[in-house]
Amino acid sequence: MLTAIYPGSFDPITNGHLDVIGRASRLADRLVVGVLLNANKNPLFPIEERVELTREAVRQYPNIEVTHFDGLLVEFAEREQARIIVRGIRAISDYEFELQMALMNRRLKPDLETVFLMASEHHSFVSSRIIKEVARLGGDVRDMVPAHVDARLRARFQRSES
Ligand code: PNS
């Protein structure tokens, strides 16, 4: 049984993340989505809410679990008995940081493989950071996040449905 983990901050989960999750769920028998606690990144949504929003977004997949983690990713992978780390690549600008992370993780745990999946070009500009900024300033992000995340962003930034 092949277990893969898909780690991230998921603050909040986007349709770009879901695109990668859909692809990864077809490659692994079991996919564990790991939401990083990220105490020092000052997330918009607390960890419990990020996990809940992510769980709701992947409800239709029988082979996906969502949990949170803190500390080293390689240790989380070991606890979950995962052999693969999945990361999504949008543009070449993602590559340098992702390569650095993958090589560091390989140094820490050589038998854990990082696999990069390309999100659909439809989502290549979507990031949680830019979505939060647009939502905060009153822009429409409905195409870029699941409906329940859009609702939560609206509530957070006190906007009504238009
Ligand atoms: O969605 P993000 O914020 O790009 O995800 C980054 C993440 C969670 C994959 C990365 O920050 C991480 O793995 N953090 C755990 C700490 C760790 O293991 N750091 C060393 C990896 S180089």
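## A covered strand

Strand S2, made of residues 30-36, is mostly covered in this predicted model. Of its seven residues, six are buried.

## Partners of S2

Let's look at what pairs with this strand. Strand S1 (residues 3-8) runs parallel to S2, and six bridges join the two. To get from S1 to S2, the chain passes through helix H1, which spans residues 15-27. This β-α-β crossover is right-handed.

S2 also pairs with strand S3 (residues 64-69), again in the parallel sense and over six bridges. Here you can look for Val35, which stands opposite His68 in S3.

## Around the ligand

Now turn to the ligand. How many residues surround the ligand, and which are the closest? There are 13 of them, and the closest are Ser9, Lys41, Leu73, Arg87 and Met101.

Leu73 uses its backbone instead, with an N or O atom 2.8 Å from an oxygen atom of the ligand. For Arg87, an N or O atom in the side chain is 3.0 Å from an oxygen atom of the ligand. Taken alone, the ligand exposes 550 Å², and the protein buries 75% of that area.

Terms used. Residues numbered from 1 in each chain as written. Predicted model: local features only at pLDDT ≥ 70, side-chain atom pairs only at ≥ 80, totals over all residues. Heavy atoms only, no water. Buried < 20%, exposed > 50% of the residue type's maximum accessible area, 1.4 Å probe, protein only. Helix = DSSP H or I, 4+ residues; strand = E, 2+ residues; numbered from the N terminus. Pairing = 2+ DSSP bridges. Right-handed = clockwise from strand over helix to strand, strands pointing away. Near = heavy atom within 4 Å. Polar contact = N/O pair within 3.5 Å; in protein donor to acceptor, adjacent residues only side chain to side chain. Areas by Shrake-Rupley, 256 points an atom, 1.4 Å probe, with all protein chains shown as cover.
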